[in-house]
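Follow the stops in order, selecting as you go.

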Amino acid sequence: MSRNKNRVSANKVEQPIAPVREQVTPFNFIVPTEVVDLPSKGEFYPEGHPLHNVSSVEIKHMTAKEEDLLTSQSLIKKGLAINKVLESILVDKKIRVDDLLIGDKNALIIASRVYGYGSEYNVKLNCRHCGSEFDAEIDLKSFEAKDTSLSDSVLKTEDNTFLFTLPKSGFEVEFRPLTSRDEDFISKGKNKGTTSLLKLIIISINGQTDSFFIERALQVLPILDSSMLKKAYASVAPDVDMSCDVVCPHCSGESNVEVPLTAEFFWPNL
């Protein structure tokens, strides 16, 4: 049997091995990514958070998958469409959208719009001089992080919170930047006034952290104090500066306006 085996081997013709060709399929396509700078530079996230001292994050370009999320009526009604899109495009899945500071979330929303549909944003504005409505074309790439340099009246603590002494009552208030979760809480709440906002940002008043004490103090807080506290918050909270200079075509009046993010923000007129 061994001789037959050798005979077969001797008569066998070696077949050339065909080169292996890489199969090109739609599944080989890699979605491009971009790096987005965070207005907070990661300063206000606690130790252990994936964004602690992280100045930028990587996001994927939007695809048809994200467009489906944006048009989902159930997500739109629940106010979850934008959050779901951000969850989908964030490369680091350890980052939770609810934990993002509002300013950082705004930066990601703007960047996703730019990389998805382009930087041109057509929006209707109202002239402050003549009251006329006019169409304006805004370049979203012109938006930059706000200048949040501290003033003499606002102090930053080692815990990345802020201290501000109210001018009328003399209360020393410790406050913090708001997160996406806080923003959703305010938008879905019945009371969306100043008190609701201040309850969320205030950590302590005169060193008292008890919520009952803070609520009682807010009930008697002079309007001047609440107004100045909101201004102090706006001056130091990291965010994107969405203001721009525009000229009214009707009266040629010049204005610096805050650009609104309307329903057309993710649906440009292409």
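Select the hairpin of S6 and S7. It has 5 residues between the strands, and Asn160 takes a positive phi near 60°. This is a predicted model, so treat each stop as a feature of the prediction. Strand S6 covers residues 154–156 and pairs with S7 in the antiparallel sense, over 3 bridges. Pick Leu155 next; its bridge partner in S7 is Leu163.

Stay on strand S7, residues 162–165. Which residues are on its covered face, and which on the uncovered one? Phe162 and Phe164 are on the covered face. Leu163 and Thr165 are on the uncovered face.

Move on to the hairpin of S7 and S8. Here 6 residues lie between the strands, and Gly170 takes a positive phi near 80°. The two strands run antiparallel and are joined by 4 bridges. Select Thr165 and look across to S8: Glu172 stands opposite.

**The whole sheet**

Now show S6, S7, S8 and S9 together. They form an open sheet of 4 strands in the order S6-S7-S8-S9, with antiparallel pairing. S6 and S9 (202–205) are the edge strands, each pairing on one side only. On average, neighbouring strands of this sheet are turned by 25° against each other, direction ignored.

H9 lies across S6, S7, S8 and S9, and runs at about 40° to S8. H7 lies across S8 and S9, at about 85° to S9.

**Aromatic rings**

Select Phe175 and Tyr233. How are the two rings arranged? The search of the whole structure finds 4 aromatic pairs. Phe175 and Tyr233 form one that is tilted, with 6.2 Å centre to centre and 55° between the planes. Phe175 lies in strand S8 (residues 172–175) and Tyr233 in helix H9 (residues 223–236), so this pair ties together parts that are 58 residues apart in sequence. Both Phe175 and Tyr233 are buried.

For another ring, jump to Phe265. The charged end of Arg113 sits over this ring, 5.6 Å from its centre.

**The nonpolar core**

Which residues have the most contacts inside the largest nonpolar core? Select Ile138, Phe175, Ile202 and Leu229: these are the ones, in a core of 65 residues. Helix H5 (residues 102–117) supplies the largest share of this core, 8 residues.

Centre on Ile202. Leaving out residues up to four places away in sequence, Ile202 touches Val173, Glu174, Phe175, Ile214, Leu218 and Leu229.

Next, select Leu198 in helix H7. Is Leu198 buried or exposed? Leu198 has a relative accessible area of 2%, under the 20% limit, so it counts as buried. Beyond its neighbours within four places in sequence, Leu198 is in contact with Leu218, Leu221, Ser226, Leu229 and Lys230. Draw a distance from the C-alpha atom of Leu198 to that of Phe175. The separation is 8.6 Å, for residues 23 apart along the chain.

Go to Thr179, in the loop between S8 and helix H6 (180–188). Why does Thr179 count as buried? Its relative accessible area is 14%, and the limit is under 20%, so Thr179 is buried. Show what surrounds Thr179. Not counting residues up to four places away in sequence, the contacts are Asp98, Asp99, Leu100, Leu101 and Ile102.

Step into H6. Its buried residues are Ser180, Asp182, Asp184 and Ile186. They pack against H4, H5 and helix H7 (194–201).

End on helix H4, residues 81–89. Select Ala81, Asn83, Val85, Leu86, Ser88 and Ile89, which are buried. Then show what covers them: strand S2 (56–60), helix H2 (64–70), helix H3 (73–78), H5 and H6 are included.

Conventions. Residues are numbered from 1 along each chain as its sequence is written. This is a predicted model: local features need pLDDT of at least 70, side-chain atom pairs count only at pLDDT 80 or more; totals for chains, interfaces and linings use all residues. Side-chain values use heavy atoms; hydrogens and water are left out. Rings of Phe, Tyr and Trp (its six-membered ring) pair if their centres lie within 6.5 Å; planes under 30 degrees apart count as stacked, over 60 as edge-to-face and the rest as tilted. Buried means under 20% relative accessible area, exposed over 50%, partly exposed in between (1.4 Å probe, protein chains only). A charge sits over a ring if NZ of Lys or CZ of Arg is within 6 Å of the ring centre and within 35 degrees of the ring normal. A nonpolar core is a set of buried Ala, Val, Leu, Ile, Met, Phe, Trp, Tyr and Cys residues joined through side-chain atoms within 4.5 Å. Contact means heavy atoms within 4.5 Å. Two strands pair if DSSP finds at least two bridges between them. Axes are lines fitted to C-alpha atoms, for helices over the stretch in contact, and angles run from 0 to 180 degrees between N-to-C directions.
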